[in-house]
Every structure is written in structure tokens, then in C-alpha cells.
Amino acid sequence: MENKAKKPLELYIHVPFCVKKCDYCDFLSGPAGKERQAEYFQALQREVASVPDFPDREITTVFIGGGTPSVPDPALIGAVLDQIRNKVFMAPDAEITIEANPGTLYKEKLEDYLEHGVNRLSLGLQSPQNRELKILGRIHTWEEFLESFSLAREAGFSNINIDLMSGIPFQTLDGWKESLEKVAGLGPEHISAYSLIIEEGTPFYERYRDARHEEELPDEETERQMYHYTREILGAYGYRRYEISNYAKEGFECRHNLGYWNRT
């Protein structure tokens with residue numbers, strides 16, 4: 001029988017839980033107790049069990065996003081990944097990413113992720129400036145981020161993305177340049193540098209809709225310069241822009257991201 005090459009299949013797994021919803025966030029997410037989290041993962045496993053086996057496909061990437069997937073017990077994440085592996089062939093070199101927030105990670109949790117095949121970590125920093133983190137409604141500090149980043153490296157993660165946000169209220173061009181240099185200086189393999197969008201239904205929308213308090217936000221020209229300097233500064237640190245907001249060191253482009261662009 002002819003051995004046909006399997007077609008690539010990418011999976012996105014949504015984990016809608018977080019410690020506290022940020023003031024700019026319009027994703028399907030929110031706080032929940034351990035019992036509700038367990039119920040969600042039971043439902044997720046029922047859903048995995050109900051889908052076809054896809055014998056002609058191989059999983060090449062998995063992206064676990066949220067919410068904050070690092071909030072629930074890591075055993076819940078591991079059980080879903082094990083179930084998927086038993087159901088659909090997973091490529092030996094599959095890229096498996098989990099999003100995590102500083103302050104929600106500890107040594108054993110990171111080791112648990114690695115044990116279950118997670119090989120890429122995406123850390124939601126957003127800003128290395130504590131004042132800006134407070135404005136965004138984030139629950140962590142820059143110092144807590146540094147601790148999480150260090151723990152991830154010690155655990156063995158060699159493919160780490162850091163999320164950075166521009167266009168934050170009261171943010172200046174010089175402040176943004178400093179943020180880029182601070183984060184690039186840590187040497188993560190990938191940096192996602194994107195601009196704040198004021199989304200309907202968020203506390204930020206209530207504050208900034210109809211141009212109210214617009215003086216708090218960087219103006220259009222400043223935002224344009226921020227975008228320009230992002231490419232220039234990250235380029236100087238060895239990061240290549242391969243998508244509008246994504247920068248990577250050679251060979252560390254997010255394969256899951258590219259799959260969306262290439263319609264995989």
C-alpha cells in the first residue's frame with residue numbers, strides 16, 4: 001500500500017481562565033475556581049473524543065491560548081495533550097506553545113509542561129515598566145516577570161516568546177524604546193510587539209470612547225514612530241520581522257502563526 005505523506009494539522013486550544021481580567025481585554029476569559037476549571041477541561045476532553053480521528057493528518061503545531069492557560073493545574077493541560085496524542089498522530093517535532101503570565105509559574109509546573117511535550121512558552125509581559133503594567137490592570141510586576149523568565153530558562157525552555165504592547169496610556173516614544181531594549185537584552189527567541197487596540201465592552205473602551213481622555217493616549221504620529229523604532233531596535237538585537245507584529249531570531253519564527261498566514 002502506498003505510504004502517502006500526511007497533511008499538516010494545526011490545533012488551537014482555548015483556556016478561558018485568568019486571575020483577573022485586564023482592563024483592555026475583550027477575549028473570552030475571566031476568573032473561575034478550581035471546580036469550574038476542572039469542569040471545563042472535562043468538557044474539552046469530551047469534545048476531543050467526539051471529533052474524527054483524521055488518519056490522513058499529522059499535528060504539526062498546538063497553541064494553548066487564553067485567558068491564561070498557566071492558571072489551571074498543569075495536570076489538566078497534560079491530560080488533554082496526552083488524549084490528543086492518542087487520537088491523532090503528532091509529528092515528533094511538533095511545536096507546542098502555551099501562553100503564561102508572570103506570577104503564575106513555578107519550577108514544577110514548568111517541568112510538567114516540558115514532560116507533556118510543551119516546547120515553546122509565550123510570556124505575557126506587555127511592559128517592563130511597572131507604572132504601565134498598573135495602568136493596563138496587569139497583576140504582575142517587572143521583577144516577577146524576570147523571576148518567571150529565569151525559572152523557564154532553568155527548567156529547560158529554549159524557545160520563549162515575550163509579548164510587548166505599545167500605545168499604552170501615558171506611554172512615551174522614549175519609554176517604548178527603553179522597553180524594547182530591556183526585553184531584547186534578555187535574549188528571548190521571539191518577541192511579539194503589538195499596539196493596544198481599544199475594544200468595545202472593556203473598561204478602556206468606557207474611558208476612551210468618543211475621544212474622551214484621548215490626551216492620555218500616544219497620538220497617531222507617536223504610534224507611527226513607535227512602529228518604526230520597533231523594527232529598527234529589534235533588528236539591531238538580531239530579530240527579524242516576519243509578520244506585522246512578530247519578530248524572531250533566525251529559525252524561531254512561530255510555526256503556528258505562520259500556519260494562519262499560509263492557511264495550514
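In which helix do Arg-85 and Asp-82 both lie, and how many residues apart are they? Both lie in helix H2, three residues apart, about one turn of the helix. Helices (H or I, at least four residues) and strands (E, at least two) are DSSP runs, numbered from the N terminus. The model is predicted, so local features need pLDDT of at least 70 and side-chain atom pairs count only at pLDDT 80 or more, while totals for chains, interfaces and linings use all residues. Residues are numbered from 1 along each chain as its sequence is written, and side-chain values use heavy atoms, with hydrogens and water left out.

Side chains of opposite charge can pair when their charged atoms come close. A salt bridge is defined as a side-chain nitrogen of Lys or Arg within 4 Å of a carboxyl oxygen of Asp or Glu. By this rule there are nine salt bridges. One of them joins the side chains of Arg-85 and Asp-82 (3.9 Å, N to O). Arg-85 is partly exposed at 31% relative accessibility, and Asp-82 is partly exposed at 33%; buried means under 20% relative accessible area, exposed over 50%, and partly exposed in between (1.4 Å probe, protein chains only).

A salt bridge also forms between the side chains of Asp-53 and Lys-87 (3.0 Å, N to O). This pair links distant parts of the chain, 34 residues apart: Asp-53 is in the loop between H1 and strand E2 (57–66), and Lys-87 is in helix H2. Asp-53 has a relative accessible area of 45% and is partly exposed; Lys-87, at 22%, is also partly exposed. In helix H8 (residues 220–236), Glu-221 and Arg-224 are three residues apart, about one helical turn. Their side chains meet in a salt bridge at 2.8 Å, N to O, and Glu-221 is partly exposed, with a relative accessible area of 39%.

Glu-10 belongs to strand E1 (residues 7–15). Glu-10 is buried yet has no salt bridge, the nearest side chain of opposite charge being that of Arg-255, 6.8 Å away. For charge, Lys and Arg count as positive and Asp and Glu as negative; His and the chain ends are not counted. A polar contact of 3.5 Å connects the side chain of Glu-10 with the side chain of Thr-61. Such a contact is a pair of N or O atoms within 3.5 Å; within protein, one must be able to donate a hydrogen and the other to accept it, and residues adjacent in sequence count only if both atoms are side-chain atoms. Beyond its neighbours within four places in sequence, Glu-10 is in contact (heavy atoms within 4.5 Å) with residues including Thr-60, His-256 and Tyr-260.

A search of the whole structure finds one cavity of 30 Å³ or more. On a 1 Å grid over the protein atoms alone, a cavity is a set of points where a 1.4 Å probe fits but cannot get out; lining residues have an atom within 4 Å of a point. Grid points are joined across faces, edges and corners, and a volume is the space filled by probe spheres set on the points. The largest cavity has a volume of about 30 Å³. Its lining consists of Ile-13, Val-15, Phe-41, Leu-44, Ile-64, Ile-77, Val-80 and Leu-81. E1, H1 and H2 each give two or more residues to this lining, and the largest share, three residues, comes from H2.

Technical notes:
1 Å grid on protein atoms, 1.4 Å probe; cavity = no way out; pocket = protein on both sides within 12 Å on 5 of 7 lines; lining within 4 Å.
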